[in-house]
Amino acid sequence: MKFIGIIPARYASTRFPAKPLALLGGKPVIQRVYEQVVGVLDEAYVATDDERIEAAVKAFGGKVVMTSVDHKSGTDRCYEAYCKVGNGYDVVVNIQGDEPFIQRSQLEAVKACFEDEATQIATLVKPFTPADGFDALENVNSPKVVVDKYMHALYFSRSIIPYQRNRDKQEWLAGHTYYKHIGLYAYRASVLKEITALPQSSLELAESLEQLRWLENGYSIKVGISEVETIGIDTPQDLARAEEFLRNHQEAL
């Protein structure tokens, strides 16, 4: 089975314009992401809608494909990129362009989900721990995932699920294993074609979580577990935290 990694990267961002080109440890964020992916998957491309990002990727020797400016999601951008450069690949791995510390172990975990021939879509979760605290669990920007005993996603929510009716909230993390969603996706190529043709669903619009469209339409999402904490960059403040993380973990990375 052959895996191609697609890293969607757009220039326009409400909270952090030009984010892929922001420097992290002297390198553009998009270069950090690309270097973490290349060599783990069979192939890797940045998919962008902006010539400045295209030029930056070519400058560091990466592979890049230009895509439409009209895409509403990274998944749609991934599919266009796959159509242009993905011939012969069985699985498309969608790596967020603002995750410069994505680890080999995480990519391997999502690849392993496809050892099951029934897997249509795969993603990752990380267990919350009591040390994370209730505030982390309650954070609406950190979606939670409920899984079945076969590690298929039952539901994703910005709310805390499940609700523990007979336990004080400060004890919830000790009384149940909650899973934090890590926004890494992989799709069989045929499934990616199908899900990008689906209209937005009511659950997706309610929670602003694209993956709910797939569940609502009957697709199965296999869930792998990672113990690695990720640092996504959504704002300039996140970039500052990432700089600090990089300084403290340079040797491990």
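**Charges over rings**

I began with Arg52, whose charged end sits over the ring of Tyr11, 3.6 Å from its centre. I also found the charged end of Lys111 over the ring of Phe3, 5.4 Å from its centre. My criterion for a charge over a ring was NZ of Lys or CZ of Arg within 6 Å of the ring centre and within 35 degrees of the ring normal.

**Basis**

I note that this is a predicted model, in which local features need pLDDT of at least 70 and side-chain atom pairs count only at pLDDT 80 or more, while totals for chains, interfaces and linings use all residues. Residues are numbered from 1 along each chain as its sequence is written, and side-chain values use heavy atoms, with hydrogens and water left out.

**Helix 2**

I took helices (H or I, at least four residues) and strands (E, at least two) as DSSP runs numbered from the N terminus. Helix 2 covers residues 51–59, and in it Ile53, Glu54, Ala56 and Val57 are buried. Buried is under 20% relative accessible area, exposed over 50%, and partly exposed in between (1.4 Å probe, protein chains only). Seen down the axis of helix 2, the buried residues fall within an arc of 165°, so they line one face; the arc is taken from the directions from the helix axis to the C-beta atoms. On the other side of helix 2, I listed Glu51, Lys58 and Ala59 as exposed.

What do the buried residues of helix 2 pack against? I found strand 1 (3–9), helix 1 (29–37), strand 4 (43–48) and strand 5 (64–66), with contact meaning heavy atoms within 4.5 Å.

At the N-terminal end of helix 2, Asp50 is the cap, with a side-chain oxygen 2.8 Å from the backbone nitrogen of Arg52. After helix 2 comes Gly61, with a positive phi near 85°.

**Aromatic pairs**

My search of the whole structure returned nine aromatic pairs. Rings of Phe, Tyr and Trp (its six-membered ring) pair if their centres lie within 6.5 Å; planes under 30 degrees apart are stacked, over 60 edge-to-face and the rest tilted.

Phe134 and Trp172 are edge-to-face, 6.0 Å centre to centre with 70° between the planes. Phe134 is in helix 5 (residues 134–138) and Trp172 in helix 6 (residues 172–175), so the pair ties together parts 38 residues apart in sequence. Phe134 counts as buried at 11% relative accessibility, and Trp172 at 2%.

Tyr185 and Trp214 are also edge-to-face, at 5.2 Å and 80°. Both Tyr185 and Trp214 are buried.

Last, I noted that ring pairs link Phe134, Tyr163 and Trp172 into a cluster.

Methods:
A polar contact is a pair of N or O atoms within 3.5 Å; within protein, one must be able to donate a hydrogen and the other to accept it, and residues adjacent in sequence count only if both atoms are side-chain atoms.
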